[in-house]
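I set out to record what I looked up in this structure. The entries follow in the order in which I made them.

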Amino acid sequence: MPRADRPQMASSVLTIENLRKEFVRGLLRKRTVAVDGISFEVEAGEVFGFLGPNGAGKTTTMKMLMGLILPTSGAVSILGAPVGDLAAKRRIGYLPENPYFYDYLTATEFLHMVGSLYGLDRSLRARRAGELLERVGLSMAKNRSMRSYSKGMLQRVGLAQALMGDPELVVLDEPMSGLDPIGRREVRELMLELRERGKTVFFSTHILADANMLCDRVGIIVKGTLRDVGQLGELLSPKVHRVDVLWTGPESLREQLRKDFAGGLDEGAAEAAEDAEAERHRSRSEGEHFVAHSQGEVDRFLAAVVAGGGAVVQVTPQRETLEELFVRDAGVKAEEQRS
Amino acid sequence: MEVIVGSVERMWAIALNTFREAVRNKVLAILVLFAVALMAFSLVLGQLSLHEEIRIIKDLGLAGISIFGVIIALFLGVNLLSKELDRKTVYAIIPKPLHRWEFLLGKYLGMVVTMTALVALMSLVLMAFLAVQGGRHGVTMVRAEILIWLELLLLMAVAMLFSSFSSPWLSAMMAAGLWVIGRNSAELEAFAGSPKLEDSFGGDLLGFILEVVPDFRMFYVSGANFDEAVVSVHESFVSWGYVASAGAYCLAYAAFAWRWRSSPSPRDFT
Ligand SMILES: Nc1ncnc2c1ncn2[C@@H]1O[C@H](COP(=O)(O)OP(=O)(O)OP(=O)(O)O)[C@@H](O)[C@H]1O
Ligand SMILES: [Mg+2]
């Protein structure tokens, strides 16, 4: 979605217009629309997160950008050139999804090969390979054949090979997948470091926390269509849209309050309640939970608790999280999303 | 000029990788061992025959290089490309700054380097066995080995061509079939031209197939023919132009098939 507030400058590193991909499968020539006419831009120097649930079309889009598959229709311009342009490719680094590399090579040999493809001379290749393997925490295994590598180690080699040509644009397909918590943090730091050095990072993920911490802007793709593009702050509504109350009290009060505040839609709460969970009251080990949808309701509920001889443990105002935005856009329940 | 140097360097990087893959492959090592074992067996056979030791070693040795060479050529040609697709190692390579045809040619170049090394190795072993028996390797033998080598290079290109659009087993069978037809093209040609088949659909089809199939007979070394005399069945040693053009055709077709594979089709490049 082109945004009117920012001028369309030449600073766009990646421009995608109406990109579409239909897969044709089997003898019956059944069609799957993997990417259904998406358009957006990634600007120079930003970290752009490409978010979407499994099967949304993230990998397919990235493969089209990398020339691995041909789009059914639409236009792409990367670094001002069409897909496959050699000069542009020299300035791009790419990490494929679930990377797998030549398992008979050592990581060092592989990075040397990649360096040659980028046209680096031997000494530069050796230096950069050493530095990058150190950076991704593989220096202890660098002279072992990659056959013996674990999934996370392959992912790390993948990051190193993507950076071998010191690219201006880094395209990473799920860079954190398969990594342990420390590895994830290292990758986040790596991506922020890239941005600091003026590089552009375009990465896909379905882990919202990662996007939350890293992205200048995100694009949300669901079932092949782009639902939202923009700064996270813009996409997330800033106002408090519900308040969680944790309280304790006798059984009788519980029943009383369940009746008094049963799904009753206050004025102003109607809109918010639409996508809220049906259950406003929940019993947990730590006490009773109640979800209020307006300030007035909170006040009345608290008063009722105190009047009935209960005790308020905690009152937490909730802003919309990225997860909720994602779920709202995806039209899927949050529980199904978590993996 | 710089453009060409860059291109050659990239192809060489791919070729070196392919060579490493082949050399570090156990199946290949076993095949080479078998070829050597066959040559060793010829020493024993030579002992059994009267005054024919040298000829038997030469015959069996060349046959060993040829037979195992064909198996290795099919193995390499069919495997090295399709493995890249199956294991998805291409995903990391195609987006790198190189052309697709450079990748393909680099792969082939790597196979050529591998095959050259293997034929040279087997020839050296044969030479050693001959020396043990007091025989001479000689120019004729070298010529015979060069013919075998060229045939193998062409067969590899054919195998690679098939593997760029079909499964390894099928490709190997098709390439092997083509090789058999190519080796017997003279007989088949005579058959197609025979009164029985003349002007029939079958005859035309056979004629067409013979037009398309590379003429592997060009490289045929018959055992009787190389006693310090003619190596090739032709007067000239070998038709280099033919080898070059046949190889180029195969690679061009492979490049085309490769392109097709990456287009929106059932065999999408995914
Ligand atoms: N080669 C293919 N043939 C047919 N359909 C395909 C092919 N590749 C992908 N698809 C389909 O395209 C859709 C998008 O897949 P894609 O891999 O792009 O999803 P994704 O967003 O990367 O998901 P994930 O988060 O699981 O990686 C899916 O419905 C998938 O089944
Ligand atoms: Mg994916």
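**Entry 1: the interface**

I looked up the contacts between the chains and found 29 residues of chain A in contact with 31 residues of chain B, contact being heavy atoms within 4.5 Å. I note that this is a predicted model, in which local features need pLDDT of at least 70, side-chain atom pairs count only at pLDDT 80 or more, and totals for chains, interfaces and linings use all residues. Residues are numbered from 1 along each chain as its sequence is written, chains are lettered from A and ligands numbered from 1 in the order in which they are written, and side-chain values use heavy atoms, with hydrogens and water left out.

I then looked up the area: chain A and chain B bury about 2,900 Å² between them, 61% of it on carbon and sulfur atoms. Buried area is the accessible area (1.4 Å probe) that two parts lose on being put together, summed over both. On the chain A side, A:Leu68, A:Tyr104 and A:Leu117 lose the most area to chain B, together 24% of what that side buries.

**Entry 2: B:Thr89**

I located B:Thr89 in the loop between helix H3 (53–86) and helix H4 (90–93) of chain B; helices are DSSP runs (H or I, at least four residues), numbered from the N terminus. Is B:Thr89 buried or exposed? I recorded B:Thr89 as buried, because its relative accessibility is 5%, and buried means under 20% relative accessible area (1.4 Å probe, protein chains only). Leaving out residues up to four places away in sequence, I found B:Thr89 touching A:Tyr100, A:Phe101, A:Tyr102, B:Lys83 and B:Glu84.

Methods:
Helix = DSSP H or I, 4+ residues; strand = E, 2+ residues; numbered from the N terminus. Buried < 20%, exposed > 50% of the residue type's maximum accessible area, 1.4 Å probe, protein only.
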